[in-house]
Every structure is written in C-alpha cells, then in structure tokens.
Amino acid sequence: MLTGMESGQPNQEQSETLRQLKKRSQLDRFVVRLRIVAAHSLAEDRQRLVDLCEHRWEFLPPATPSEGPRLKPVPLLPVEQVESAIARIRPLLLKDDGISYKQVLGALGENLSSRDREELALWKEEFEEFDPTAKAGRPTKPHVPGEPVTNTRIGSSWLYGDLVHADANRQSFTSRSTPEFVFAEAQRMTCGLMLASLHTLDFLKGLHEQAAIDVSDESFARQVTVAAREWAPTLHAVYSAEEGTAFPESFDDPLDEGWTKVL
C-alpha cells in the first residue's frame, strides 16, 4: 500500500500543513497591504475620516427671509489624494489578488476565540458598508432613469467608471449628476474603506502581540512605502577602464583585465 508521500500525493497532514502555510502567507500580504493604506497621508487624521465618511446632507436655514433653504457644503479633499488612497485600498476589494478582506477575514476566524470573532465581524461589516460590490454587486446593464441609486453605487461609478476603468454601465448611474456630487460620494466611500483598513490593522496588531494569530513579525516591521525626499544607491565597489573598453553583458560576468578596482 502506497502512502501519500510514496504515491506523490500529499496526505491529510501534509495537506493541512500546506493550507496553513498558504494561510500565513496570505495574512502576511494582507497585513502589509493594510500598512500601505495606513501610511497614506489621508490616514493621519482619523477623526477627519470619520467626519467625511459619516457625512449626511443637511439643510441650512435661509440667510435672509427672501432666500430659500440651502444644503450645508461638504469639504472636498484634493482629488489626487483620494485617487491615491483608493489605489492603495483597491487590492483589499479584489478577489483575484488573493488578499481581499472577504477572503482573509473569512479564513482568519477559524482559530479565534468567540470574543475575537465578534470583533472581527464588526470590522468585516465596516468594509462591507463601503465596499461598492458587497451588497449590490457589479452592474451588468446600464441604469434605468427613475430607478433608485445608492450612495455607494454613485461613489463606485467614479472609481470604476472614471478612475481605474471606463465602465459605461457604471457611468450611466451618474450621467445626470455633477462631478462634484459624484466625487463627494466617492470620497465618503474611500474614507470609510480607509477607516475599516485602519481598524482591522489595529485589531490584527493586538492579536499578533497576543500570539493569537499565525503571522510573521516581518509583515509588521518591513518598510512598505517611501518617505525619503532624495536617494542614491550605496556604492560597494567602483571600477574604471580605458575609454572604449567593452562593458560586461551582465553584472554577474567577470570583468576583463582592462578593468581596475578604484574603490
């Protein structure tokens, strides 16, 4: 009788080991992505994120008896700041990248305590609240005028219709809206997803410190972004040769006799 090893097929124990290694690698990548999001300038002021993602349109009283009511304006962030923020967040929403919040948080709950699973569910729900496809899915046909449109659908029309794609179906949901209105909803969505990312990262840090999850120290320690304003490579060696000396085809190839080490 052949064992799993002898037959070339992993046995149950080996399969479980491979699954756990894959799960750890996935969680490592997820943590790194959360840290990339957390390193964005928009994440520096959490209260501002809360204010922007919880924004609701409010009526202001008329300034004078002869004027009608007005809506309280919402502050708009620089467009490029929101664009770069959603670009960092987007892999957390995509199944194909293998580190979507649904994939990772769904698998993470297997070995947690009931209390930790309850908190995990809170942060997963926070993602779902602002995830443009979590509840309504991707639109497969253009919007029919007169049908209701959710705020998240409006925000996602900017993300998928105007920013990272040119999805005509998405664009149809905001064809009668001003760019400022669409962007305001996209901003709300982006700030909500960033908050969900920050809360989830805080939660995972705590679990890691308690050794409650299998994740590497490196994923919490490695550099994830560039903060330097200038940079030059470190020189380890410098060689010189007479003008016209042929360069080696690869750095791995040995240098000809015409090259002299000067540093």
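What we have is a predicted model, in which local features need pLDDT of at least 70 and side-chain atom pairs count only at pLDDT 80 or more, while totals for chains, interfaces and linings use all residues. Residues are numbered from 1 along each chain as its sequence is written, and side-chain values use heavy atoms, with hydrogens and water left out.

Let me begin with the cavity. Searching the whole structure gives one cavity of 30 Å³ or more, where a cavity is a set of points, on a 1 Å grid over the protein atoms alone, at which a 1.4 Å probe fits but cannot get out. The largest cavity holds about 40 Å³, a volume being the space filled by probe spheres set on the points, which are joined across faces, edges and corners.

Its lining, meaning residues with an atom within 4 Å of a point, consists of Leu52, His55, Trp57, Val74, Ala184, Glu185, Gln187 and Arg188. Helix 9 (residues 179-209) supplies the largest share of that lining, four residues, with helices taken as DSSP runs of H or I, at least four residues, numbered from the N terminus.

Turning to the cysteines, the count of disulfides is zero, a disulfide being a pair of cysteine sulfur atoms within 2.5 Å.

Definitions and conventions: On a 1 Å grid over the protein atoms alone, a cavity is a set of points where a 1.4 Å probe fits but cannot get out, and a pocket is an open set with protein on both sides within 12 Å along at least five of seven lines; lining residues have an atom within 4 Å of a point. Helices (H or I, at least four residues) and strands (E, at least two) are DSSP runs, numbered from the N terminus.
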